[in-house]
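Hi,

Here is the structure I promised to pass on. Have a look at it first, and my notes follow below.

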Amino acid sequence: MTQKSKLHEIRDYIIIALAMIEGSIGLNFFLLPNHITMGGVGGIASILCWGFGIPASLTYLSLNVFLLLIAYRILGWRFCLKTIYGVGIFTVVTRIIETQTAGMTPLLHDQPFMATVIGAFFMGSSAGLGLSCNGSTGGSDTVAAMINKYYNISLGHAIMICDLLIITSSYLVLRSWEMVIYGYVCLFVMSLSVDHVVNALRRSVQFFIISDKYLELSAAINTAADRGCTVMDGHGCYSGKDVHMLFVLARQRESQKIFRLIDEIDPAAFVSQSAVIGVYGLGFDRFKVGKKRR
């Protein structure tokens, strides 16, 4: 591994740890004590906790071990290693919160809708951060990652499909359709949060840069920003001069670095920046198409 890839790996593990802590807070402070069902392994763990008194941390760990054995063949050891790391942190933090908050009055116990929205936001953003770092909180996130590996299906929608049945089944324990409806709201907010976080981190932009110093700019963007450039020849109708234009695709988070390079090399450059829906190929996302069935 290069020094750059090692730094990326360290950053991923730090983000995953923070994401798991955030998700555990959402589950144990807002959802679980207020009897609000979520989907996935967390939902199953909640139902067993309410119905049979089994600690949620124990069920969460056991079911994730089973799912990770399946995911290993499909997603590879690196995804599974990060997910094991994430599941471990989530389980430990959940167990700590369980022991420290036993007997305490739940937060927002008289405002179930607010508890649903806040808890779902914490859980959804936690899952999105984990998936963006090639890891997950386990459970239906792992199932969604396996689906998303081969098919261009929204991660949030994939998780939603996996979780609807679990939330509906919570009626068998809670005997309250009102709480089931809160579970549906929780699922909806979680799905939106997952897609928002994942798409925000993967969002790309394109630049058209017209500059007399195009060679110097392209070299700087290639080395400092680690992005390729395409030189396009054109003719300015207003100036009547031949011009050279750089076409650059980059992640949105890299745009500030590119603007800084342009300002340092040619502050008089003419620059157009726009958002793009998707970029596929080397350095960006890979193509995902459904396979034809015969």
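How many helices and strands does the secondary structure of the chain come to? The count is ten helices and four strands, taken as DSSP runs numbered from the N terminus (helices are H or I with at least four residues, strands are E with at least two). Along the sequence they follow the pattern α-α-α-α-α-α-α-α-β-α-β-β-α-β.

Before the details, some housekeeping: this is a predicted model, where local features need pLDDT of at least 70 and side-chain atom pairs count only at pLDDT 80 or more, while totals for chains, interfaces and linings use all residues. Residues are numbered from 1 along each chain as its sequence is written, and side-chain values use heavy atoms, with hydrogens and water left out.

On the whole chain: of its 294 residues, 44% are buried (under 20% relative accessible area; exposed is over 50% and partly exposed in between, with a 1.4 Å probe and protein chains only). Among contacts with a separation of 6 or more, 73% are between residues 24 or more positions apart, a contact being heavy atoms within 4.5 Å.

Now the aromatics. A search of the whole structure turns up seven aromatic pairs (rings of Phe, Tyr and Trp, the last by its six-membered ring, with centres within 6.5 Å; planes under 30 degrees apart are stacked, over 60 edge-to-face, the rest tilted). One of them is Phe30 with Phe122, a tilted pair at 5.8 Å centre to centre and 45° between the planes. Phe30 sits in helix H1 (residues 3–31) and Phe122 in helix H4 (residues 112–132), so the pair ties together parts 92 residues apart in sequence. Phe30 is buried at 10% relative accessible area, whereas Phe122 is partly exposed at 23%. Ring pairs also bring in Phe121, linking Phe30, Phe121 and Phe122 into a cluster.

Helix H1 also holds Asp12, which is buried at 8% relative accessibility. Leaving aside residues up to four places away in sequence, Asp12 touches Lys82 and Cys133.

Last, helix H10 (residues 255–265). Its buried residues are Ser255, Ile258, Leu261, Ile262 and Ile265.

Cheers
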